[in-house]
Amino acid sequence: MPGAPRAPGVRVAALAVLAGALLLAYRPAGRGQEPVQSGARVVRAAAVAAIDGGYEPAAEDPRPGPTPTLATGVPSVQPRYVPGEVIVKFLPSTVPEAAARHLRALGVRALTRPRFAGADVLELEPGADPEAVARALAARPDVEYAQASYLRQPLFVPNDPYFAQQWNLAILNMARAWDINDGATDAVVVAVIDSGVAFADLEVDFNARAFRIGERRYPALGALELPFAAAPDLAGPGRFVAPYDFVWGDEYPLDFDGHGTHVAGTVGQLTDNGVGVAGVAFNVRIMPLKVIGGPWDFIFGALDECCGATDMAVAEAVRHAVLHGARVINLSLGGPSESPLIVDALRHAVDRGAFVAIAAGNEFGVGNVPIHPAASGARIDGVMSVGAVNHRLARASYSSVGRYVEVAAPGGDLDPPADHSPSAVLQQTLDYRAIRTFRLPPERYGPPRFDVLRIVGVHGTSMAAPHVAGLAAMLMTQGITDPAAIEAAIKYFAVDLGPPGRDAEFGYGLINPHATLRGFGLSR
């Protein structure tokens, strides 16, 4: 399926078989690993020592930059959805042969049923319009919903390079909150559904293909053996639970981008260890789930289109998280189109006792289009949409505004204070200079390194949401385990900003960990 991540699943061999014999003929979707070709990888445990570069402002280069495309002339316009793919959920009473006939008439040539998502993926004939097919299917009485396979993007904004301390934790008064609750406990698992996490020491074999960015053509690097290292200030014994990569379809959700590692750090960076920076709920366990494919996933052949997270991957990851014991889920990603598939997965998560924090979006300066799944998920009690404030407790300039914004948390801003103190959210993540070699001119382009980590400042509602996820994990240890009750508590104790009462910029206000935790007694 063009552009789709290689997530595990099963495929109906032919719709004709479904219609004629009423039999579902499934076959695995797996791939070979040796010899390593484009789109495959070989992973080995290795004693890779992470290079911890500490803090250096010059290491930060967060500008998104242009999108790589295949050197064969694929247009460099990033699609809003996976071409040739539609997601559909049939009602249980659907008659298989009638559905199959209608699917063929719409140009559907195959059907895949992923393990976790609770819906089907339809592969279309070349040239078919996914949104038109989805509208036609949604009108059928035997279909609960249908949608194109929209792509979600990580929600971060470029930051100022000068930073020195974690102002974000100071304005939340986290030191006093930790006096009440000592960073939650390892009984709580927080799923970080993102670009992966620097969670393991590994060596990985890839095959890097040629690509282009605009008119620049980059050569194929061919066979590569690359080092990966766990983030020293995040990893620890038993820290990571049930990792999975929905881009590559294996148990190694390696971060090629740095976004997911940064987000995981805000949730639970190791604290009071004399190293690096602090996190909100520093005793929790973390479930790294990779759904966002980035430029290196594309260059290594896991993606046919660059870049983003498919709705199916996000929905599968949410359901995987709940199935494997996550009590809190963080989604620092989004896109402009609503996805009933993801909303369905969010309801499933809340029904099974998991709280979800979602970044509200960074679209204020570019039309303020509502961002999903935050805008749609906010209608569910136990799912919270999080906007961003800056160091002055003003709405961050990029932070989306709308009735769906429920609370605000520190996300940083582009305008530093007059005294040049930091304006970014600080965490340890991959060194952008070591991983973004595709930003260099073709003659200087070379293999990346994923074992070099630094303390980096980033802005965005992506950085705001994990503060709420961390607070939810701490409330779990206070005995407030119902997701709707956690949402109600966070709203009740929020510090009202802007006009009195709830508003479209801050929702109920800035989260207040100390007051929220104090309102429910000591955890120890």
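Among contacts in the protein chain between residues at least 6 apart in sequence, 80% join residues at least 24 apart. Contact here means heavy atoms within 4.5 Å. The model is predicted: local features need pLDDT of at least 70, side-chain atom pairs count only at pLDDT 80 or more, and totals for chains, interfaces and linings use all residues. Residues are numbered from 1 along each chain as its sequence is written, and side-chain values use heavy atoms, with hydrogens and water left out.

**Overall make-up**

The protein chain has 14 helices and 24 strands. Helices (H or I, at least four residues) and strands (E, at least two) are DSSP runs, numbered from the N terminus. Of the 524 residues of the protein chain, 60% count as buried. Buried means under 20% relative accessible area, exposed means over 50%, and partly exposed lies in between (1.4 Å probe, protein chains only).

In soluble globular proteins, nonpolar side chains tend to be buried together.

Leaving out residues up to four places away in sequence, its partners include Arg 327, Val 328 and Ile 329. Also among them are Gly 382, Met 384, Val 468, Ala 472 and Met 476. Pro 483, Ile 486, Glu 487 and Ile 490 are touched by Phe 355 too.

**Helices H8 and H9**

Helix H8 covers residues 311-323 and helix H9 covers residues 340-351. Their axes come within 9 Å and cross at roughly 5°. That makes H8 roughly parallel to H9. Axes are lines fitted to C-alpha atoms, for helices over the stretch in contact, and angles run from 0 to 180 degrees between N-to-C directions. Angles under 35 degrees count as roughly parallel, over 145 as roughly antiparallel, 65 to 115 as roughly perpendicular and the rest as oblique.

On the H8 side, the contact is made by Asp 311, Met 312, Val 314, Ala 315, Val 318, Arg 319 and Val 322. H9 supplies Leu 341, Ile 342, Asp 344, Ala 345, Leu 346, His 348 and Ala 349. The residues of this contact divide into ten nonpolar, one polar and three charged. Ala, Val, Leu, Ile, Met, Phe, Trp, Tyr, Cys and Pro count as nonpolar, Asp, Glu, Lys and Arg as charged, and the others, Gly among them, as polar.

**Aromatic pairs**

The whole structure holds 19 aromatic pairs. Rings of Phe, Tyr and Trp (its six-membered ring) pair if their centres lie within 6.5 Å; planes under 30 degrees apart count as stacked, over 60 as edge-to-face and the rest as tilted. Two stacked pairs are set out here.

| Pair | Centres apart | Angle of planes |
|---|---|---|
| Phe 206 and Phe 300 | 4.0 Å | 10° |
| Trp 296 and Tyr 445 | 6.2 Å | 15° |

Phe 206 lies in strand S11 (residues 202-208), and Phe 300 lies in the loop between helix H7 (295-299) and strand S17 (309-310). They are 94 residues apart. Phe 206 is buried at 1% relative accessibility, and Phe 300 is buried at 0%.

Trp 296 sits in helix H7, and Tyr 445 sits in the loop between helix H11 (432-435) and strand S24 (452-458). This pair is 149 residues apart. Trp 296 is buried at 1% relative accessibility; Tyr 445 is buried at 9%. Ring pairs link Phe 206, Phe 300, Trp 296 and Tyr 445 into a cluster whose members also include Trp 248 and Phe 438.

**Backbone exceptions**

Most residues other than glycine have a negative phi, and most peptide bonds are trans. A cis peptide bond joins Cys 306 and Cys 307, with omega about 10°. Cys 307 is in the loop between H7 and S17. The bond from His 372 to Pro 373 is also cis, with omega near 15°.

Asn 173 is not a glycine, yet has a positive phi of about 60°. Asn 173 is partly exposed, at 29% relative accessibility. Leu 393 likewise has a positive phi, about 65°. Leu 393 is partly exposed at 35%.
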